[in-house]
Amino acid sequence: MAITNEQAIMKAAKLLLALGLAFSMGASVASSQEFSEMLIDEEAVELATSDQIQALQKQIDELKASNVASVPVTKSEDKKSYPDFKVTGFFQLDTAYFDQSDESIATLGDIQDGTGFRRARIAAAGNLTERASYLMEFDFAQAQARFVDVWAQINDTPLGNLRIGRFRQPFGMSELTSVRELTFMERPTTFALAPFRQTGIMLSDTAVDDQITWAVSGFRTLSDNFGNVYADNGGYGTAERITGLLVDRGDCGLLHVGLDHSFLNPGRGQLQYVSQDEIFVGQQPNLGPTGLSVLPIDGVPPFVNSGVFAVDTANLFNVEAAASLGRGLIQSEYRWSNLDLPTGENVTVEGGYVRARYVLTGEVIPYNRAAAVFGRIKPDHPLDICKGDWGAWEIAGQLSYLDLNPLFGKPGVPGKGRELTSSSVALNWYWWANGKCQFEYVHGQLNDLVLGDSHTNTFASRVQFDF
């Protein structure tokens, strides 16, 4: 059947109008069925003239152009490259004044007041792959540049997170709390009874929605400040820690418990337990060119000190507990070291502390579930005097003790041992999340089995910035 020009125009009009409707509705003609559903009534098409069809064609072309332009162009994301890194660091500037009784001067000598950098650290941290990370941290304070943490870690292996290098061993809640986040200027006296940083390998992980943490470690010991151990007589150790939340209502309601153990067979069969009264300042004693060398350093003398003594093995145990109500916290640890001496004797030394904290300005003391320790306070209103914002304020008190007197007089033990009980109060002013000022008073009561009791009062402050 022949098609007249008029019929052809009508069919073209139908097609153009259908396409116009399709584009105006944001649709695309994908099939003859969809196309037929969009055809308009033939009587309306008959009203179209050649001029109208041309105008409609122009409009359709514009619609096509705008429709194509509106389709976003998807670009493939750049693939992240490894390894990556970031630089981080902090410093702590301390000042301390000492007031001693006559007995304290006779026991310890005249302790000098001082000001200095307790820590000045810089580190590179980052990722080696999507599942591997690293940290290399160095300290340039206390007259000697030295290693702090130098390790790499493979995350989410079938056995847990695998760490290799020099790192803090899984022993002690206070030891695993970062020095950037210490409530007091130093860790409690119980720090002397901890393996702390050694060179080795560790597996760790969390379980039950991060309510349980566990870690096991094997290492060479005792390592120097650069992670080195040089000994074929002993020189090995282990450490294990497990913690759990008996009550977990978020940061505003926690009950934490933990148990730690460490076995030491120290290199060359030697060990030493020593501690100051939770404050340290010092200086390289020489003047002139020799004063530019890194060692020695004169500073606050040890209050308790076993001296370097011979030992076969040592087993250290630690029990930890903490209860948090958000802005308030009570934390405590008790530990003891059971020593097997070459003489066949078995000696136990012990220590412990209890601590209370309260944030006056209402901020919450956060709980770090990965490490099972409490973290830093971040002010709700960071310091800005012009706006009337004064940061966050915290008060804290602590009682700690360390008893090394059981070692006094044992064969091969040169030190006087002594028992130290420290009572501390602190006022902490958190300016921002990365800056704070601490004020602290420490009363140390020292018991020497020969010289008797003595008392030392310390007034100290610290300014800390980190990035």
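A: Happy to! There are 15 aromatic pairs in the structure; rings of Phe, Tyr and Trp (its six-membered ring) pair if their centres lie within 6.5 Å, with planes under 30 degrees apart counting as stacked, over 60 as edge-to-face and the rest as tilted. One of them is edge-to-face, because the planes of Tyr273 and Phe309 meet at 65°, with ring centres 6.4 Å apart. This pair links distant parts of the chain, 36 residues apart: Tyr273 sits in the loop between strand E10 (270-271) and strand E11 (274-275), and Phe309 in strand E15 (residues 309-310). Helices (H or I, at least four residues) and strands (E, at least two) are DSSP runs, numbered from the N terminus. Tyr273 and Phe309 are both buried, where buried means under 20% relative accessible area, exposed over 50% and partly exposed in between (1.4 Å probe, protein chains only).

Tyr441 and Phe459 make a tilted pair, because their planes lie at 40°, with centres 5.2 Å apart. Tyr441 belongs to strand E23 (residues 435-448) and Phe459 to strand E24 (residues 452-466), so the pair ties together parts 18 residues apart in sequence. Tyr441 is partly exposed at 28% relative accessible area, and Phe459 is partly exposed at 45%.

A single aromatic cluster is formed by Phe91, Phe117, Trp393, Trp429, Trp431, Trp432 and Phe465.

Rings also meet charges here. The charged end of Arg163 sits over the ring of Trp151, 3.7 Å from its centre; a charge sits over a ring if NZ of Lys or CZ of Arg is within 6 Å of the ring centre and within 35 degrees of the ring normal. Likewise, Arg220 lies over the face of Tyr236, 4.3 Å from the ring centre.

Now for the backbone. Most residues other than glycine have a negative phi, and most peptide bonds are trans. Tyr82 and Pro83, however, are joined by a cis peptide bond with omega about -5°, and Pro83 is in the loop between helix H4 (50-69) and strand E1 (86-100). Phe196, not a glycine, has a positive phi of about 50°; Phe196 is buried, at 15% relative accessibility.

A word on the basis: this is a predicted model, in which local features need pLDDT of at least 70 and side-chain atom pairs count only at pLDDT 80 or more, while totals for chains, interfaces and linings use all residues. Residues are numbered from 1 along each chain as its sequence is written, and side-chain values use heavy atoms, leaving out hydrogens and water.
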